[in-house]
Every structure is written in C-alpha cells, then in structure tokens.
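Biologist: Could you walk me through how to read salt bridges and burial in a model like this one? I would like the general idea along with the case at hand.

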Amino acid sequence: MVHKPYKIPESVLVVIHTPALEVLLIQRADTAQGVEHWQSVTGSKDHWDEPWEATAAREVQEETGIDVQAPGCRLTDWGLENHYDIWPQWRHRYAPDVSRNRERVFGLCVPAAVPVVLNPREHVRFQWLPWLDAADLCFSASNAEACLWVPRLSVVDGG
C-alpha cells in the first residue's frame, strides 16, 4: 500500500475580494451531510521551503481558477499569522506527532467580474458577499476575522 505524504502544517488563507469589498466564499465539499462550511481559499505548502506567496498563488489557481498575476489582480501578504489546533477529522492527513498548524494570511484584490471555476473535489459552490456578511458565514473563526480585516488591509490595483 502506498502511503500518501503527510501534509505540511504550514498553510495559507487567501481572502479574495473586489475593490467594492465583496468577498468570495467557497463551500467545502468534504463536510457532513447538511453542514455548509463556507471559507476563503486555504491550502498547505507542497514542500517546506515553498515561499508563502507561491503557496497562495497555487492554492488560488487550484481552488478557483483565478490567476493572481492576471490584469487587475493584486496578491498581498497581510503579515498576519494564525496558529491553531488541527481539527480532529483532518489530523490523519498530518504526521502522528503534528497537532498544530501555522497559517499565513493574504488578500487578493480582483476585478469585480472575475470568473470563478471551482475544483469539484474540494468545493461545490461559491458566492460573493459584502465583507461583513462573509465574516458572518465563515465556519472558521480565523477566516471570519480575516474577512473583517478587508477594509483596512485590502490593496486595490494601483493602491
């Protein structure tokens, strides 16, 4: 039996938003029946020395189809980190001695009309919401808090 490599306990959270402060939320596909887990883009590093920005760009592309280098897009490291216990249902993805994750927070400002193409293995729906409504809908407290930072930390193209 081939063992899938353990996930690295260093990840990114990317809050995708428009200049009008609408936030993109995506609904996880791997949740319990009847439970809606809405979140921003998240994902772990592929290797320990992968730069945070590269992880953020890759995860945005994989989960939404958005190219962070497309015209009108601007990826910004917000300089924030979350450290949290890994949820029990996802602990099996990590080495046996790993129980905590380090998460770096980014913002991605996109034009209002950017198309979204979900990876159906990971997410089943998406929606654009005003930043306060997005914060209320996030299942993760750290993701909700990141949405609340959008008006202060967002950087629009040319800003």
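Biologist: Before we go on, how far can I trust the coordinates?

Modeller: Please keep in mind that this is a predicted model. Where pLDDT is low, the predicted coordinates should not be read in detail. Here the protein's average pLDDT is 91, and 91% of the residues reach at least 70. Among the elements, strand E1 (residues 10–17) has the highest mean, 98, while helix H4 (residues 150–153) has the lowest, 92.

Biologist: Good to know. How many salt bridges does the structure hold?

Modeller: To call one, look for a Lys or Arg side-chain nitrogen within 4 Å of a carboxyl oxygen of Asp or Glu. The structure has eleven of them. One of these joins Glu10 and Arg102, with 3.1 Å from N to O. Glu10 belongs to strand E1 and Arg102 to strand E6 (residues 100–109), so this pair ties together parts 92 residues apart in sequence.

Biologist: And how accessible are Glu10 and Arg102?

Modeller: Glu10 is buried, at 11% relative accessible area, whereas Arg102 is partly exposed, at 28%.

Biologist: Which salt bridges does Glu81 form?

Modeller: Glu81 meets Arg102 in a salt bridge of 2.9 Å, N to O. Since Glu81 lies in strand E5 (residues 74–85) and Arg102 in strand E6, that pair ties together parts 21 residues apart in sequence. Glu81 also forms a salt bridge with Arg104, where the closest N and O atoms are 2.9 Å apart. This second pair links distant parts of the chain as well, with Glu81 in strand E5 and Arg104 in strand E6, 23 residues apart. Arg104 is buried, with a relative accessible area of 18%.

Note on methods
Residues are numbered from 1 along each chain as its sequence is written. This is a predicted model: local features need pLDDT of at least 70, side-chain atom pairs count only at pLDDT 80 or more; totals for chains, interfaces and linings use all residues. Side-chain values use heavy atoms; hydrogens and water are left out. pLDDT is the predictor's confidence in each residue, from 0 to 100. Helices (H or I, at least four residues) and strands (E, at least two) are DSSP runs, numbered from the N terminus. Buried means under 20% relative accessible area, exposed over 50%, partly exposed in between (1.4 Å probe, protein chains only).
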